[in-house]
Amino acid sequence: MGTLAVTGAGCVVSGDPTAPLVDGADTVLCVDGLITAVGRAADLAEGLDAADRVLDAAGATVAPGLIDSHGHVAFGDYSPRQKAVDYLEGYVHGGITRTISAGEVHVPGRPRDRAGVKALAVAARASYDNFRPGGMRVHAGNVLLEPTLDEADFAELASCGVWLAKFGFGAYEKAVDGVEQIRWAKAHGLKVMCHAGGASAAGSASLGADDLLALDPDVCGHANGGPTALPDTAVDRLLAESRMALQIVQAGNLRAALRIVRRAVAEGALERIVLGSDTPSGFGVIPLSVLKTVVELSALGPVEPARVWGLATGNVADVWGLPAGRLRVGDEADLVVLDAPRGSAAGTALDALAIGDIPGISAVVTAGEVRFLASRNTPRARRPAVLTERPSAITGYGGSVRPERDTDRSNGPSDQS
């Protein structure tokens with residue numbers, strides 16, 4: 001993959017809500033898809049000089065790529081629910097570098113029988129392992145729990161690489177009937193998310209606090225509604241009586257989302273809050289879904305923007321055990337360059353988030369590769385990034401790529417990268 005140096009940052013966001021900024025840093029070095037250094041350009045001169053490609057942030061903000069912890073993928077870059085093609089590639093233009101499947105529930109004719117349920121999860125996981133739409137990493141193959149599954153099935157699923165499970169769409173007479181399947185799934189290393197709140201158009205159950213506490217999943221899916229939110233008292237009980245992560249989604253209730261964050265801050269439990277989109281759904285395809293949630297929580301909530309960014313990056317990585325989500329040595333090199341949009345009263349990306357403006361994304365990097373310059377979905381960044389290819393690079397030429405010359409699809413992704 002070669003070496004990429006991202007330098008010239010005016011601010012580096014870490015992805016860790018407890019220490020949201022990397023003090024004094026202006027440069028991130030990436031080698032063969034991994035972050036190898038984060039610090040000052042003056043201290044990393046040798047790595048900068050050796051880089052095949054240099055991405056100059058031009059004084060803008062560099063941050064970890066957003067992770068959508070609740071994406072309704074199917075197969076390929078297509079949404080059967082909204083009949084949308086290439087939508088995941090569009091989400092990369094919204095700063096989303098990874099998506100975690102919340103269950104391939106929108107696959108037409110989705111199987112419900114024991115063999116079919118397992119086959120769907122195995123096939124989806126294997127398919128997206130070989131396909132990176134727009135350069136995005138999709139963690140797919142989320143087995144939708146059914147009462148016909150026994151412990152041997154979870155052992156089989158785990159042996160096939162399936163590590164995600166979802167409760168809330170199976171043919172259970174009552175929610176507590178799923179306790180055994182969830183225990184088996186967790187025992188075999190699967191990360192379990194439960195639907196929460198009112199029933200959805202896709203045919204989920206309606207699950208409240210008593211159900212969730214009995215089921216004890218790893219993640220309470222869309223606690224602020226998918227789209228109908230849990231009652232406030234239910235959220236308070238989950239925070240007090242469990243350790244499950246609480247997920248906030250764009251396709252939910254904004255009032256409930258803000259209250260959940262306030263309660264988490266009051267309870268000292270911000271590390272349990274994760275962000276996602278819950279799209280495509282009845283709300284449609286929303287490329288800026290996670291970014292918009294970050295904006296709303298930053299502008300209207302009690303947490304400063306750099307920490308809110310960590311709810312959609314480092315917190316998600318911690319809950320699901322992902323090798324990305326923070327700008328630190330050893331993590332996979334997924335990051336974005338963003339700035340205040342042109343015409344905004346804000347001077348930086350973080351200032352823009354604080355006043356409710358969507359920042360302008362001028363570059364997205366996944367697996368150490370620059371996927372584009374200038375997002376086609378956000379406003380234009382005040383200070384656009386510039387990519388310089390060194391003569392030693394694989395391409396064999398030197399020069400700069402500027403967004404004015406190649407705005408939407410420069411450095412386009414390889415599906416197999």
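Author: Helix α3 (residues 114–129) and helix α4 (residues 151–159) have axes that come within 10 Å and cross at roughly 20°. Axes here are lines fitted to C-alpha atoms over the stretch in contact, with angles from 0 to 180 degrees between N-to-C directions; helices are DSSP runs (H or I, at least four residues) and strands likewise (E, at least two), numbered from the N terminus. Because angles under 35 degrees count as roughly parallel, α3 is roughly parallel to α4. The crossing of α3 and α4 is right-handed, the near helix being turned clockwise from the far one by less than a right angle.

The model is predicted: local features need pLDDT of at least 70 and side-chain atom pairs pLDDT 80 or more, while totals for chains, interfaces and linings use all residues. Residues are numbered from 1 along each chain as its sequence is written, and side-chain values use heavy atoms, without hydrogens and water.

The crossing of α3 and α4 is right-handed, and the contact (heavy atoms within 4.5 Å) joins R114, K118, A121 and V122 of α3 to D153, E156 and L157 of α4. By class, three of these residues are nonpolar, none polar and four charged.

At least two lining residues come from each of α3 and β12 (142–144). The lining has six nonpolar residues, one polar and one charged.

Notes:
Angles under 35 degrees count as roughly parallel, over 145 as roughly antiparallel, 65 to 115 as roughly perpendicular and the rest as oblique. Ala, Val, Leu, Ile, Met, Phe, Trp, Tyr, Cys and Pro count as nonpolar, Asp, Glu, Lys and Arg as charged, and the others, Gly among them, as polar.
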